Amino acid sequence: MTTNEPSDQLVNMLGQTYDPKLIQDLLKPYGARRVPAPKSYFNDDIIWTLKSSIRIDVYRATKLNELTGLQYTNPDWIIGSVQFLAPGADDRTKTPYPGLLPGGLAMSNSPVQAIAAYGQPAMDEECEWPGFSGRILAWREQGINIVLEYEDSPNGRVLKSCTACLIGCIGAWTSDNPEVFAP
């Protein structure tokens, strides 16, 4: 599933020290001129690169250890998840992620194409909650999850987000689907 695309390189950084300069260089072809450093006083933070439609969740070791069951000792910020977004995934996102997604998919690919590329998902659910109706596909890979969120629209199912995260970093689903999301 790995290519030399920036998305695959970002996924390979999961569990590694967050380096804004390295990520900025990686995303420069997509218009990212500056990737900010974390500013949170808490043990987690969200880094937005709006020009490239990416969200990166970073954590301090104590928080990441709590979520993943691993034993990070790194005192720096650590990358826990990367989200490749399309309009509608968040009110800040105005354009879809312009590059290929992990494994060579595009934001325009259908659920059928995703399953053909990644194989049978560990979770395949039709979901409905206030403001969302669609399909969630999730794969548990070696130490990470890949989650595709397709939303129903007048034009059919549209990919709103592709998330790659360390096992345990999707807190809301850790209890609902422990076989996929819990450490």
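A nonpolar core is taken here as a set of buried Ala, Val, Leu, Ile, Met, Phe, Trp, Tyr and Cys residues joined through side-chain atoms within 4.5 Å, where buried means under 20% relative accessible area with a 1.4 Å probe and protein chains only. The model is predicted, so local features need pLDDT of at least 70 and side-chain atom pairs count only at pLDDT 80 or more, while totals for chains, interfaces and linings use all residues. Residues are numbered from 1 along each chain as its sequence is written, and side-chain values use heavy atoms, with hydrogens and water left out.

**View 1. The largest nonpolar core has 45 residues.** Those with the most contacts inside this core are Leu10, Tyr18, Ile23, Ile79, Phe84 and Leu148. Strand β7 (residues 156-166) supplies the largest share, five residues; strands are DSSP runs of E, at least two residues, and helices are runs of H or I, at least four, numbered from the N terminus. A second, separate core of six residues includes Met123, Phe132, Ile136 and Ala138.

**View 2. Surroundings of Leu148.** Beyond its neighbours within four places in sequence, Leu148 is in contact (heavy atoms within 4.5 Å) with residues including Leu105, Tyr118, Ile136, Trp139 and Cys162.

**View 3. An open sheet of seven strands.** The order is β1-β2-β3-β7-β6-β5-β4, with antiparallel pairing; two strands pair if DSSP finds at least two bridges between them. At the edges, β1 (44-49) and β4 (123-129) each have a single partner strand, so one side of each is left without a neighbour in the sheet.

**View 4. Strands β5 and β6.** Residues 132-140 (β5) and 144-153 (β6) pair in the antiparallel sense over seven bridges. Arg140 stands opposite Asn145 in β6.

Note on methods:
Buried means under 20% relative accessible area, exposed over 50%, partly exposed in between (1.4 Å probe, protein chains only).
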